[in-house]
Amino acid sequence: MYEELKYWYLRDHKLFWTLSMSQIKQLCIITGFKKAKKGDVIYFSSSDVPRIFLLKKGNIKIVSVDDEGNETIKEILQKGDLFGELSLERDNEVNEYAKALTDEVSICSFLLSDFEDLLVRNPTLALSYTKFVGLKMKRIKNNYANLVSKDAKTRLITFLKDWSEREGKIEGNKVTLENYLTQNDIAQIICTSRQTATSLLNELEEKNLIYYTRKEIIIDDISKL
């Protein structure tokens, strides 16, 4: 049952669509599988055993830590996203970790050495992986550009729109988001203080642009945000 579960998790991911059934089954042998609960730390970049992770269920945050111990949320990941040593090289200057944001998180992982061997033996998979990671890096670059060029309010609105597009329940112009982020999380994502993030959220709510609670965020008309 456990091996069958891993098989379908991998078979379902678009990165592995080019692999045959026997190749997927072989991949299951080298794949680790774990579950995590909200608040659990899943991955440290400083780990002695480098891995690549595949998020199969739930949401996690990737947190970057600078030399002074300040933390910034680098990414919010959802089902299907990859994280870990994606460049296939160890970067000792990178200090980051991944933490579960939702109650049920499921993850597959590969030892970096095993995954590299898999790519060598499957050129089509290697090409798909290169494209997959390239798009991911482009998204991170765009996020960084937004942080540099826009003020805090615009960054918050941009984030809410992006979050709505990725995970929102959309009915016409109305969007409902399951809110698994704290106000401090949102502050870290848009690179501002918690006080500023709270003030901006309150301002949007006072203008009836959003309805904010710990469990959900409702945007009555996304076109007015």
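## Sheet

Ile-52 stands opposite Gly-84 in β6. The model is predicted: local features need pLDDT of at least 70, side-chain atom pairs count only at pLDDT 80 or more, and totals for chains, interfaces and linings use all residues. Residues are numbered from 1 along each chain as its sequence is written, and side-chain values use heavy atoms, without hydrogens or water.

Strand β3 (residues 51-57) pairs with β6 in the antiparallel sense over 3 bridges. Strands are DSSP runs of E, at least two residues; helices are runs of H or I, at least four, and both are numbered from the N terminus. Pairing takes at least two DSSP bridges between two strands. The open sheet has 4 strands in the order β1-β8-β3-β6, paired antiparallel. β1 (31-36) and β6 (82-84) are the edges; each has a single partner strand, so one side of each lacks a neighbour in the sheet.

## Helices on the sheet

Helix α2 (residues 21-30) lies across β1 and β8 (105-111), at about 65° to β1. Axes are lines fitted to C-alpha atoms, for helices over the stretch in contact; angles run from 0 to 180 degrees between N-to-C directions. Helix α3 (residues 112-121) packs on the sheet and touches β3 and β8. Its direction makes about 70° with that of β8.

## Helix pair

The axes of α5 (residues 152-167) and α7 (residues 194-206) come within 10 Å and cross at roughly 70°. Contact (heavy atoms within 4.5 Å) involves Ala-152, Lys-153, Leu-156, Ile-157 and Leu-160 of α5. From α7 come Thr-196, Leu-200, Leu-201, Glu-203 and Leu-204.
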